[in-house]
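Visitor: I would like a close look at a single part of this structure. Please take me through the sheet and the core that goes with it.

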Amino acid sequence: MTPTPGLTPGPTATPGPEALEAPFSLDGRTGDGAQPVDAVDYAALERRHPAYGRFAARLGNTPLTEVPGPDGGATVLAKCEWENPVGSIKDRVAYALLGSALHRHGDRPLEELRVLEYSGGNLAKALSHLCAELGVTARFVLSSASPRSLLDVLAERGAQVDLVDKERGFLDVVRTALDIAAADSGWTLLYQHRNTANLLLQERTTGAEIIRQLGELPGGPRADAWVASIGTGGTLVGVLRALRGAFPGVRAVGVTPEELPYGSDRPPNGLPKYGGSGGMGHGIRQPFVTLHDDEIEHRTVSYPRALEGMAEFHGLTGVRIGSSAAANWLTARAVAATLPPSATVVTVLPDAGTPEEWERIGRGE
């Protein structure tokens with residue numbers, strides 16, 4: 001990935017548990033996010049920390065590939081993010097979030113940096129890799145529903161893990177991390193839901209790559225619709241911001257689990273959901289998404305349907321995708337069915353899935 005200087009990291013002070021819903025503005029838009037602070041020179045960080053630079057050199061520029069679409073409908077193109085160094089789109093987020101922490105840490109020894117973050121899985125995997133390479137202490141707050149394969153990887157990399165009862169939902173995973181950071185200022189909370197480096201890196205790398213790759217295809221198709229699941233909303237909104245610059249009329253479709261959709265008034269629950277996405281419950285909306293709430297359509301996919309989508313995609317293509325990728329593909333295909341053959345729907349396939357999900361659908365290795 002080409003180094004991108006000038007992205008803005010998130011908060012410099014540890015917020016309290018109530019801060020997830022605090023207002024802010026970005027580029028004149030008002031929403032529920034974080035105030036930008038000093039710009040990060042990522043290229044300088046790569047020069048200062050060779051392991052960080054080696055990771056960056058293998059990051060991004062993932063393929064944009066045509067995937068099965070509806071008969072008689074629009075073409076569906078998908079960004080294949082398992083090509084990143086640790087295997088998911090969260091590798092980009094890990095690079096951005098850790099970069100913002102390294103920027104704030106300055107010239108102090110890396111052994112003194114202790115990073116804390118909550119995760120649905122892929123971000124912890126990517127961050128633990130980067131932290132192990134750099135010699136940075138890492139601590140992750142996860143749901144007790146996290147797969148054993150992830151916990152084993154984190155243990156191998158020496159990361160500290162705190163598990164939150166899955167019945168309390170992901171909102172309490174976030175709040176537990178906030179409480180830990182508030183109780184001990186020695187931890188640097190990366191705070192993916194409000195750290196603007198998350199959103200801006202997706203805009204300036206993933207979004208820019210899609211625009212370039214569309215231009216390299218025969219006929220130079222335009223993006224008529226953009227479909228992405230909502231975890232933090234960084235991918236959905238970051239890429240949307242880039243695409244709107246090239247294709248002002250592009251539709252934006254956000255996908256969340258049927259078991260707890262975006263902005264749901266229901267309380268958090270321990271129901272199985274497709275990977276890396278989901279509402280927060282209690283009517284809380286993901287901060288980045290609120291910046292474009294009036295422009296985003298919302299769709300839902302149940303966990304059983306996402307698993308079926310994994311199996312269906314594999315049967316059609318021979319390629320393994322994760323449950324969030326399957327939810328994106330199923331939704332993109334449904335949107336494409338409503339558009340003419342001349343149109344193009346773009347989506348993202350965040351990863352190739354976990355061993356546990358492939359075992360669940362009877363296609364484990």
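Guide: What follows starts with the sheet and then turns to the nonpolar core. Keep in mind that this model is predicted.

Start with the strands. Four of them form an open sheet, in the order β7-β6-β5-β8, and their pairing is parallel. Look at the edges. β7 (160-164) and β8 (188-189) stand there, each with a single partner strand, so one side of each has no neighbour in the sheet. Now pick out β5 (residues 114-118) and β6 (residues 137-143). These two run parallel and are joined by 5 bridges. Within this pair, Arg114 stands opposite Thr137 in β6.

Next, find helix α5, residues 148-156. Helix α5 lies across β6 and β7, and its direction makes an angle of about 165° with β6.

Now turn to the core. The largest nonpolar core holds 38 residues. Among those with the most contacts inside this core are Tyr52, Tyr95, Val115, Leu134 and Phe140. Several elements give two or more residues to this core, including β6, α5, α2 (50-57) and α4 (122-134). Helix α3 (90-105) is also on that list. The largest share comes from α3, with 8 residues.

Zoom in on Tyr52. Leaving out residues up to four places away in sequence, Tyr52 touches Tyr42, Leu45, Glu46, Tyr95, Gly99, Leu102, Leu130 and Leu134.

A second core lies apart from this one. This separate core has 30 residues, including Tyr274, Ala326, Trp329 and Leu339. There is a general pattern here: in soluble globular proteins, nonpolar side chains tend to be buried together.

How values were computed
Residues are numbered from 1 along each chain as its sequence is written. This is a predicted model: local features need pLDDT of at least 70, side-chain atom pairs count only at pLDDT 80 or more; totals for chains, interfaces and linings use all residues. Side-chain values use heavy atoms; hydrogens and water are left out. Two strands pair if DSSP finds at least two bridges between them. Helices (H or I, at least four residues) and strands (E, at least two) are DSSP runs, numbered from the N terminus. Contact means heavy atoms within 4.5 Å. Axes are lines fitted to C-alpha atoms, for helices over the stretch in contact, and angles run from 0 to 180 degrees between N-to-C directions. A nonpolar core is a set of buried Ala, Val, Leu, Ile, Met, Phe, Trp, Tyr and Cys residues joined through side-chain atoms within 4.5 Å. Buried means under 20% relative accessible area, exposed over 50%, partly exposed in between (1.4 Å probe, protein chains only).
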